[in-house]
Amino acid sequence: MAAKDSPLKQFEIDPISNIELGGYNISFTNSSFAMLITVLVITLFLTLTVNTRSIIPSRMQLISELMYNFIAQLLSDTVGDNGKRYFPFVFSLFMFVLIGNMVGMVPYQFTFTSHIIVTFALAAVVFIGVTILGFINHGIKFFTFFYIPGVPFYMHPLLIPIEVISYLSRPISLSVRLFANMLAGHTLLKVFAGFVVSMPFFTGVFPLAFIVALTGLEILIAFLQAYVFAILTCLYINDAYHLH
Amino acid sequence: MPQLNPEFFVSQLFWLAVFFTFLFVFLWRVSLPRIATVLEKRQNKIDENLSSAKELQEQAMEIEKKINDQINKAKLETDEKIKETINALQENVSSQLSSLDKDLEKKVSDAEKEILKSKDDQMKNINNEIVNITKLTVGKITDIELSDNELNKVIETQKGSFN
């Protein structure tokens with residue numbers, strides 16, 4: 001357990017109500033609360049802004065449409081026409097990570113994307129889904145994904161294991177990338193926030209100014225990581241359709 | 001590091017599954033079809049407007065063509081009329097000119113005839129005058145009385161040398 005004023009204290013999970021189901025602890029925690037807020041923000045925003053269904057959109061409706069088109073464009077650019085049926089999933093994933101990151105930027109609010117178990121679960125869903133999709137599309141031929149054509153034959157004993165390892169490490173890289181970015185960003189903010197308090201006299205304004213700039217950067221990273229998560233999911237789906 | 005504490009792993013996975021599944025189903029079944037409907041409706045409207053604009057443009061072009069055709073036709077008709085009028089005028093002028101020419105010719109020939117006639121008359125008168133003068137002169141100088149017939153004979157014989 002971290003000390004009382006450790007920068008890592010913000011990542012601690014506090015149960016709000018203790019629930020137990022079949023011997024497992026499924027307490028509703030601050031992490032679950034952040035997820036609830038995230039889901040509410042997304043569903044309410046996307047529902048209320050498009051409620052009028054006007055042909056000439058209001059600003060808020062335009063934001064919803066831009067998000068829709070952003071992911072639709074991303075999916076059609078990377079996967080093509082096959083990608084349309086995965087649009088709801090990729091869109092949900094993108095919005096969940098994006099708004100989860102943004103909710104985390106609100107002071108005193110918990111960032112669930114800074115927990116490896118959450119990001120790993122999301123990445124594992126993508127990984128398992130894409131692998132199943134690959135086997136559905138190509139059957140046993142999906143294993144030729146690890147065989148790179150046009151390479152001298154004596155390189156294959158080396159390359160095939162590398163390909164297998166890189167494929168298996170996809171969920172790890174996908175989840176750790178998001179988790180580490182969120183962890184590092186929030187820790188850094190907290191460390192500098194500690195400097196603001198502990199530095200003598202007015203010198204505290206310097207770390208404060210730094211926090212302001214860093215908050216902007218963190219908002220950028222929050223968007224960027226959601227984008228990276230979505231685009232990598234699209235690329236993995238594309239791989240399940242088109243082997244080398 | 002609280003992230004590596006497995007105490008709440010099950011809880012987080014459970015609530016993640018609950019919320020993410022809810023979000024996915026809600027977006028899939030409610031939100032995204034709504035946005036898609038709006039976008040489709042807009043696209044339809046745009047297509048409709050574009051096609052009606054195209055139709056109107058075609059109609060405008062047709063009307064323009066008709067106008068041009070009519071202008072060309074009118075031009076041709078006008079040219080034809082102008083030509084006809086010029087021809088008619090020319091014919092009129094030439095016929096008038098020719099009738100004028102005829103009149104003039106007739107007048108000239110009449111005048112010539114009259115001149116000839118008066119010349120003849122004058123010549124006759126001159127003959128008479130010559131006879132009278134000769135008669136008088138001869139009568140004064142001599143006592144010979146010449147008859148008109150004799151004198152006329154002489155004049156007639158001498159006439160060739162006058163001319």
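**Figure 1. Helix 1 of chain A and helix 1 of chain B are roughly parallel to each other, because angles under 35 degrees count as roughly parallel.** The two helices, helix 1 of chain A and helix 1 (residues 9–141) of chain B, pack at an angle of about 5°, with their axes 9 Å apart. Axes are lines fitted to C-alpha atoms, for helices over the stretch in contact, and angles run from 0 to 180 degrees between N-to-C directions. The model is predicted: local features need pLDDT of at least 70 and side-chain atom pairs count only at pLDDT 80 or more, while totals for chains, interfaces and linings use all residues. Residues are numbered from 1 along each chain as its sequence is written, and chains are lettered from A and ligands numbered from 1 in the order in which they are written.

**Figure 2. Residues at the contact of helix 1 of chain A with helix 1 of chain B.** From chain A come A:S31, A:S32, A:M35, A:L36, A:V39, A:I42, A:T43, A:L46 and A:T47; they meet residues of chain B including B:W15, B:F19, B:F22 and B:F26. Contact requires C-beta atoms, placed from the backbone, within 7 Å. Nonpolar covers Ala, Val, Leu, Ile, Met, Phe, Trp, Tyr, Cys and Pro; charged covers Asp, Glu, Lys and Arg; the others, Gly among them, are polar.

**Figure 3. The side of chain A that touches chain B.** Here 36 residues of chain A are in contact with 31 residues of chain B. Elements giving two or more residues to this side of chain A include strand 3 (24–25), strand 4 (28–29) and helix 4 (116–138). Helix 1 of chain A gives the most, with 9 residues. The residues of this side divide into 23 nonpolar, 10 polar and 3 charged.

**Figure 4. Helix 2 of chain A crosses helix 7 (residues 205–241) of chain A.** Their axes come within 9 Å and cross at roughly 35°. The crossing is right-handed, that is, the near helix is turned clockwise from the far one by less than a right angle. A:I71, A:L74, A:L75 and A:T78 in helix 2 meet A:A230, A:I231, A:C234, A:L235 and A:N238 in helix 7. This contact holds 7 nonpolar, 2 polar and no charged residues.

**Figure 5. The elements of chain A.** Chain A has 7 helices and 4 strands, DSSP runs of H or I with at least four residues and of E with at least two. From the N terminus on, the order is β-β-β-β-α-α-α-α-α-α-α.

Key
Contact = placed C-beta atoms within 7 Å. Parallel < 35°, antiparallel > 145°, perpendicular 65-115°, else oblique.
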